Amino acid sequence: MSEHADHALAAIHESEAALTAISCSTENELRVPCYCEENVWRLAYRRIYGRRETGERLYVVFVSNEERCCPMFSQLAQDDPDEPCFWDYHVLLIGSSSSAVEANGADKCPVWDVDSRLPYPTPVSVYLTTVFREECFREEYRTRLAPRFRVIRAEHYLQYFFSDRKHMIDPEKGEWRATPPDYECIGVTSGKQSNLDDYIDMTSAGGGDEEASMGIVYSLDEFRGRFCS
């Protein structure tokens with residue numbers, strides 16, 4: 001590892017986001033409503049550097065579409081789990097290992113979503129069927145509402161993601177749309193603002209590879225084929 005990479009990793013370990021991720025007594029305590037991109041950053045850090053299971057490979061998954069209007073069920077933000085929450089984007093963590101997928105299928109690919117009402121974690125096949133209901137993706141709605149998934153290796157997300165949280169400030173009122181986390185912004189240094197929008201953008205396939213810094217974009221069917229077969 002280069003000196004620059006060592007320095008970057010040390011900065012991650014010393015950040016308030018990382019330290020509080022480890023100090024929380026449970027993973028559900030990591031949740032700050034409306035800051036899913038940071039919740040998952042801290043969750044990934046905790047699982048990688050705090051209690052990672054042998055052979056577990058973790059991926060951060062951004063869910064959105066070109067309209068930035070994605071209906072998702074069983075969300076804590078919606079009082080009725082049978083009514084969809086229309087997110088402009090959402091972020092979750094998924095675990096996978098080549099041996100688990102080959103031998104046991106989706107039941108060995110857990111989804112961690114601290115904003116969901118589903119059991120924690122939930123098998124990816126159950127998550128996809130329950131959260132993305134078919135009635136929302138009939139032919140007349142498919143073009144506008146069908147989700148797309150940007151999949152990034154969790155280690156790369158920890159290294160490359162940064163956000164100044166300005167997207168959560170109402171430009172007219174100058175007020176927070178939702179109370180921000182009480183730890184400092186993730187990855188923001190002099191000259192950096194935010195690259196969150198790059199992750200949400202589903203019109204770009206990133207590097208065309210899950211190993212690329214921005215990952216790869218899948219359709220729902222492609223995502224199901226990648227993690228459920």
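H90 is found in strand β4, where strands (E, at least two residues) and helices (H or I, at least four residues) are DSSP runs numbered from the N terminus. The model is a predicted one, in which local features need pLDDT of at least 70 and side-chain atom pairs count only at pLDDT 80 or more, while totals for chains, interfaces and linings use all residues. Residues are numbered from 1 along each chain as its sequence is written, and side-chain values use heavy atoms, with hydrogens and water left out.

With a relative accessible area of 1%, H90 is buried, a term that stands for under 20% relative accessible area, as against over 50% for exposed and the range in between for partly exposed (1.4 Å probe, protein chains only). Its side chain makes a polar contact with the side chain of D113 at 3.1 Å; such a contact is a pair of N or O atoms within 3.5 Å, of which, within protein, one must be able to donate a hydrogen and the other to accept it, and residues adjacent in sequence count only if both atoms are side-chain atoms. Not counting residues up to four places away in sequence, H90 touches (heavy atoms within 4.5 Å) C36, V61, F62, V63, M72, Q75, D113, D115 and Y127.

N39 has its place in helix α3, residues 36–49, and counts as buried because its relative accessibility is 3%. The side chain of N39 reaches the backbone nitrogen of V32 at 3.0 Å.

Y157 is in contact with E37, W41, V60, F62, I152 and Y199, its neighbours within four places in sequence left aside.

F227 leads on to helix α9 (residues 220–228), in which L220, F223 and F227 are buried. These residues lie on the same side of α9 because they cover an arc of only 60° around the axis, the arc being that of the directions from the helix axis to the C-beta atoms. The buried residues of α9 pack against β1 (57–64), β4 (90–96), α5 (124–131), β7 (148–153) and β8 (216–219).
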